[in-house]
Amino acid sequence: MNAAASLFAGLLFACGTAGAQVPESGRAQEMGFSAEEVASTVEDRYIDRMVELAAAGRLDDDRALLARLQAIGAGLIRAAVALKPEAAAWQWEFHTTSDTEVDAICMAGGKILVGSAFVRQLALNDGELATLLAHEVAHAVAEHHRETLSEALFLNRYPAVPVEVVLERLESDVSVQIRLSKLSSLQESEADQLGMVLAHRAGWPAADMVSFYRKLSDGDQLALVAGAYPASASRLSMAKGMALLFQSDR
């Protein structure tokens, strides 16, 4: 590519980005895809996943847990909308699955899937379950999925790659995942803290939030404490510190 063409591509790339901020922390984010683009693409994947689980008889097969998720989630959504008003227009959904490979997953636009085996393994009470859900809601509110796809786009240095292509590369290319690992770790820490804020504003006791992270720390073989997640001891320390802040707000 000659210098003129390179400059033109750079200008196109710059014009295609948009600034955003994470609620509460104010951390700046650079977005290369619109929220609508990401939501549309992720929704297709989400529907495929739901159909697959339903066909296997593993979707919403724990009706009692599903009722708990929906009741707890309603309060968390209200807290989320207070922080990010546009979240009121999202089609929020909470589902359970008996697939043992799933702990908790959030997709862009408020689609949350929780593994019933994971909840049973930790014996979560409602306050602890609210903390788990709030972590996932925080990912949606902070638009972490959109940010990750945008950063993967920026690694390419090309201005016109469709979001579907970037998503496929992100899922299949280990080198991209490694290059984005620092961002992933930051997002998980952010979801821990923002999630506790959401749970607190939804009326859940800080003691249950600390208890949730203590259970994760005690069971550090669990998927939710592996990979991109911060060290379990650090997460527990964070939770204790946030709980003290909530007490000082009274």
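A nonpolar core is a set of buried Ala, Val, Leu, Ile, Met, Phe, Trp, Tyr and Cys residues joined through side-chain atoms within 4.5 Å. I wrote that down before opening the model, which is a predicted one.

**Entry 1: the chain as a whole**

I began with the overall tallies. The chain holds 11 helices and 5 strands. Of its 250 residues, 49% count as buried.

**Entry 2: the cores**

Which residues have the most contacts inside the largest nonpolar core? They are Trp92 and Leu198, in a core of 49 residues. I listed the elements that give two or more residues to this core: helix 3 (63-83), strand 4 (104-107), strand 5 (111-115), helix 4 (116-122), helix 5 (126-141), helix 9 (181-201), helix 10 (206-218) and helix 11 (232-248). Helix 5 gives the most, with 9 residues. Apart from this core lies another, of 21 residues, and Val42, Met50, Leu113 and Leu149 are among them. As background, I noted that nonpolar side chains tend to be buried together in soluble globular proteins.

Next I went to Trp92 itself. Leaving out residues up to four places away in sequence, I found that Trp92 touches Ile77, Ala80, Ala87, Gly109, Gly110, Ile112, Val137 and Ala140.

I also picked out Leu132, which is found in helix 5. Leu132 has a relative accessible area of 1%, so this residue is buried. I took one distance from there: the C-alpha atoms of Leu132 and Tyr213 are separated by 9.2 Å, while the two residues are 81 apart along the chain.

**Entry 3: rings**

How many aromatic pairs are there? The count comes to 2. In one of the pairs, Trp90 and Trp92 are tilted, at 5.5 Å centre to centre with 40 degrees between the planes. Trp90 and Trp92 are both buried. Phe212 and Tyr213 also form a pair, this one edge-to-face, at 5.1 Å centre to centre with 80 degrees between the planes. Phe212 is buried, and so is Tyr213.

While I was on rings, I looked for a charge over one. The charged end of Lys111 sits over the ring of Tyr46, at 5.9 Å from the ring centre.

**Entry 4: helix 6**

I moved on to Arg146, which lies in helix 6 (residues 144-156). Is Arg146 buried or exposed? Its relative accessibility is 12%, and the limit for buried is under 20%, so Arg146 counts as buried. I followed the side chain of Arg146 and found that it reaches the backbone oxygen of Phe33 at 2.7 Å. Setting aside residues up to four places away in sequence, Arg146 touches Met31, Phe33, Ser34, Ala35 and Val38.

Phe154 has its place in helix 6 too. At 14% relative accessibility, Phe154 counts as buried. I checked Phe154 against Gly32: they are 122 residues apart in sequence, and their C-alpha atoms are 7.6 Å apart in space.

**Entry 5: loops and positive phi**

Ala123 has a phi of about 50 degrees. This residue lies in the loop between helix 4 and helix 5. Ala123 has 53% relative accessibility and therefore counts as exposed.

Glu143 also has a positive phi, near 50 degrees, and is a residue other than glycine. I placed Glu143 in the loop between helix 5 and helix 6. At 13% relative accessibility, Glu143 counts as buried.

My last stop was Thr100, in the loop between strand 3 (93-97) and strand 4. With a relative accessible area of 62%, Thr100 is exposed. From C-alpha to C-alpha, I read 7.9 Å between Thr100 and Ser116, which are 16 residues apart in sequence.

How values were computed:
Residues numbered from 1 in each chain as written. Predicted model: local features only at pLDDT ≥ 70, side-chain atom pairs only at ≥ 80, totals over all residues. Heavy atoms only, no water. Phe/Tyr/Trp six-rings, centres within 6.5 Å; stacked < 30°, edge-to-face > 60°. Buried < 20%, exposed > 50% of the residue type's maximum accessible area, 1.4 Å probe, protein only. Lys NZ or Arg CZ within 6 Å of the ring centre and 35° of its normal. Helix = DSSP H or I, 4+ residues; strand = E, 2+ residues; numbered from the N terminus. Contact = heavy atoms within 4.5 Å. Polar contact = N/O pair within 3.5 Å; in protein donor to acceptor, adjacent residues only side chain to side chain.
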